[in-house]
Amino acid sequence: GVLLFDEADALFGKRSEVKDARDRYANVEVAYLLQRMERFDGLAILTTNLRSNVDEAFLRRLDALIDFPMPEEDHRRRLWERHLPPTLPRADDLDLDFLAARFKVSGGNIRNICVAGAYLAAAEDRPLAMADLVRATEREYRKLGRLTVEAEFGSYLELIAG
């Protein structure tokens, strides 16, 4: 069997100093999971964006740790293209090179932006335009807690200002 623990830091978090019954219970849970992981004979995959929050005892028991760095510009360009398939009606003003160069985001963020942009265009029954992707990027930035600055958005900043 294969076990997948998504957001593993929530379940396999670092043990803490015991200050009350909740801390003690949380530490007991972690100790129990450690024992069960030792006895598990299958494949366990733990995913997290916060590896530093995973208890060191779990990390020592893992055979491989694989980091997925943020994609570089050329990879982001390919991700933009992949998430905007040829069957999607596109306006002539799409500038995927600009998007890949300026917005240093993950593949998941690029996917979210493309989907949101496509919905914006579909709501008005028209091809996907650069303005849709810029507005969707601003929305994704808000979700990430990032600022929308001229250094990244360039002349497109006026599309989202106001």
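Predicted model: local features only at pLDDT ≥ 70, side-chain atom pairs only at ≥ 80, totals over all residues.
Which residues does Asn 109 touch, not counting residues up to four places away in sequence? They are Glu 140 and Leu 144.

**Overall fold and dimensions**

- Read along the sequence, the elements of the protein chain follow the pattern β-α-β-α-α-α-α-α-α-α.
- The C-alpha trace of the protein chain spans about 60 × 35 × 30 Å along its principal axes.
- Of the 162 residues in the protein chain, 31% count as buried.
- The accessible surface of the protein chain amounts to about 11,000 Å², and 51% of this surface belongs to carbon and sulfur atoms.
- When contacts in the protein chain are counted between residues at least 6 apart in sequence, 63% of them join residues at least 24 apart.

**The largest pocket**

- The space in the largest pocket comes to about 1,000 Å³.
- Elements giving two or more residues to the lining of this pocket are α1 (21-39), β2 (43-46) and α2 (56-61).
- Strand β2 provides the largest share of the lining, with 4 residues.
- In total 25 residues line the largest pocket, and those nearest its centre are Ile 45, Leu 46, Thr 47, Ala 64 and Ile 66.
- By residue class, the lining of the largest pocket divides into 14 nonpolar, 7 charged and 4 polar residues.

**Helix α3**

- Helix α3 covers residues 73-83 and includes Arg 82; Arg 77 is also placed in helix α3.
- Arg 77 has a relative accessible area of 28%, which lies between the cut-offs of 20% and 50%, so Arg 77 is classed as partly exposed.
- Leaving out residues up to four places away in sequence, Arg 77 touches Leu 96, Asp 97 and Ala 100.
- Arg 77 and Phe 12 are 65 residues apart along the chain, and their C-alpha atoms are separated by 35 Å.
- Arg 82 has a relative accessible area of 68% and is therefore exposed, the cut-off for that class being over 50%.
- Arg 82 and Cys 114 are 32 residues apart in sequence, with a C-alpha to C-alpha distance of 9.8 Å.

**Helix α5**

- Gly 108 and Gln 35 are 73 residues apart along the chain, with 34 Å between their C-alpha atoms.
- Asn 109 counts as buried because its relative accessibility is 12%, and buried means under 20%.
- The contacts of Asn 109 with Glu 140 and Leu 144 are those found when residues up to four places away in sequence are not counted.

**Loop residues with positive phi**

- Glu 7 is found in the loop between β1 (2-5) and α1.
- Phi of Glu 7 is near 55°, a positive value in a residue other than glycine.
- With a relative accessible area of 41%, Glu 7 is partly exposed.
- Asp 125 is placed in the loop between α5 and α6 (130-144).
- Asp 125 is not a glycine, yet its phi is positive at about 50°.
- Asp 125 has a relative accessible area of 73%, so this residue is exposed.

Key
Residues numbered from 1 in each chain as written. Heavy atoms only, no water. 1 Å grid on protein atoms, 1.4 Å probe; cavity = no way out; pocket = protein on both sides within 12 Å on 5 of 7 lines; lining within 4 Å. Points joined across faces, edges and corners; volume = space filled by probe spheres on them. Nonpolar A, V, L, I, M, F, W, Y, C, P; charged D, E, K, R; others polar. Buried < 20%, exposed > 50% of the residue type's maximum accessible area, 1.4 Å probe, protein only. Contact = heavy atoms within 4.5 Å. Areas by Shrake-Rupley, 256 points an atom, 1.4 Å probe, with all protein chains shown as cover.
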